[in-house]
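Subject: Structure handover

Hi,

Here is the structure we talked about. Please open it alongside these notes.

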Amino acid sequence: MSANGSTMRQLLWQDPVCSGWKQDLEGAVYHLANCFLLLGFMGGSGVYGCFYLFGFLGTGYVCCVMWGWFDACGLDIILWSFLLATACLFQLAYLVYRLRKNTLPEEFDLLYKTLCLPLQVPLQVYKEIVHCCEEQVFTLATEQTYAVEGETPINRLSLLLSGRVRVSQDGQFLHYIFPYQFMDSPEWESLQPSEEGVFQVTLTAETACSYISWPRKSLHLLLTKERYISRLFSALLGYDISEKLYALNDKLFAKFGLRFDIRLPSLYHVLGPAAPDTGPESEKDDEEVRESAMPTSAQQTPPRSPLPAASGPPAPPTRARMSRPDSGVLASRTPLHSYSQVMSRGQAPLAPTHTPEL
């Protein structure tokens, strides 16, 4: 203890231990090493900040090795500088490995930035979703069919990445599917995990298309295991189905000259097939629905004057009945009805919020 105390007192209160200072300065390599070390310690955070930090530190320690070999001629300086430079190089190699491991293919990276990043989906969760589809991108040539009505089984869920797909039924055009929209979301939601079914519509590529596809069983297992991913798909599929419903609604508006509200429970009765009359009550309901769909500017038949009768009250005035549109105009009835079943699965039908715009 006394020896240590005397050494400390000598360092603090007495002259330096060095008996003489060197008159010449160190070489340029020594000063260059310190410059690199200074720049390295000014690095930031994050992956690229670590690249900056360890890149400059490794270069600085390599310069220290050269200084210890050529100028200082000290074995300890060479060994320590070499060990530190090697550690920096290993750290740089690990950072490169992490970047390559976290890198996604171009299509999936663009899909994440377009669809999932606005929803603040973590990248690790997105990687699980991508791993479920095995990172495979499929293609469709022009006029190649993705699904055929009544033949193709519903065994997958696909998302369009590029191109445009035409949806039709019985040769009648229904709507388009655009990039970053699901190609078979109504069919996916119409079946339970244990059920099987076939497509009710035909999907044809109008241009060269690319898409990704999740197998039905694998995706159901992932949704059962990960609750967050299940809620994410539920939100994305619900939004996609609503977009398809409104596309069909706009198509009906273009053909009828009237705009219907797809939330109205009576819309299917307007568009549905003519059912046999079961009595005066059903006929009265049909007439009320038709009158709600008629424009206000339409001229109604004036009431007829009652015929003189010997007894009994006069007959009530007859009302004009609107003829049902042609079957060609109502070609989109069946998919619209199936979409409505998908949207109303497990919940009560929505009440009308407003009358149709006339």
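Residues 46-70 are 100% helix and 0% strand, with the end C-alpha atoms 36 Å apart. Helices here are DSSP runs of H or I of at least four residues, strands are runs of E of at least two, and both are numbered from the N terminus. Residues 77-97 are likewise 100% helix and 0% strand, and their end C-alpha atoms lie 31 Å apart. UniProt, in an unreviewed entry, places the feature "transmembrane region" at 46-70 and 77-97. UniProt positions follow the numbering used here, feature names are shortened, and annotations may be inferred rather than shown by experiment.

Before going on, the ground rules. This is a predicted model: local features need pLDDT of at least 70, side-chain atom pairs count only at pLDDT 80 or more, and totals for chains, interfaces and linings use all residues. Residues are numbered from 1 along each chain as its sequence is written, and side-chain values use heavy atoms, with hydrogens and water left out.

Helix pair

The axes of helix 2 (residues 28-40) and helix 3 come within 8 Å and cross at roughly 165°. That makes helix 2 roughly antiparallel to helix 3 (under 35 degrees is roughly parallel, over 145 roughly antiparallel, 65 to 115 roughly perpendicular, the rest oblique). Axes are lines fitted to C-alpha atoms, for helices over the stretch in contact, and angles run from 0 to 180 degrees between N-to-C directions. Contact means heavy atoms within 4.5 Å. On the helix 2 side, the residues that meet helix 3 include Tyr-30, Phe-36 and Leu-37. Among their counterparts in helix 3 are Tyr-52, Phe-56 and Trp-67.

Two positive phi values

Cys-73 is found in the loop between helix 3 (46-72) and helix 4 (75-102). Its phi is positive, about 55°, although Cys-73 is not a glycine. Cys-73 is exposed, at 61% relative accessible area. The cut-offs: buried is under 20%, exposed over 50%, partly exposed in between, with a 1.4 Å probe and protein chains only. Glu-135 sits in the loop between helix 6 (123-132) and strand 1. Glu-135 also has a positive phi, near 55°, and is not a glycine. At 43% relative accessibility, Glu-135 counts as partly exposed.

The sheet

Strands pair if DSSP finds at least two bridges between them.

Three bridges join strand 1 to strand 7 (residues 209-215). Thr-139 stands opposite Ser-210 in strand 7. Six bridges join strand 3 to strand 7. Arg-156 stands opposite Pro-215 in strand 7. Strand 3 is mostly covered, with five of its seven residues buried.

A buried proline

Pro-186 lies in helix 7 (residues 185-190). At 3% relative accessibility, Pro-186 counts as buried. Pro-186 and Lys-244 are 58 residues apart in sequence, yet 8.9 Å apart in space, C-alpha to C-alpha.

Best wishes
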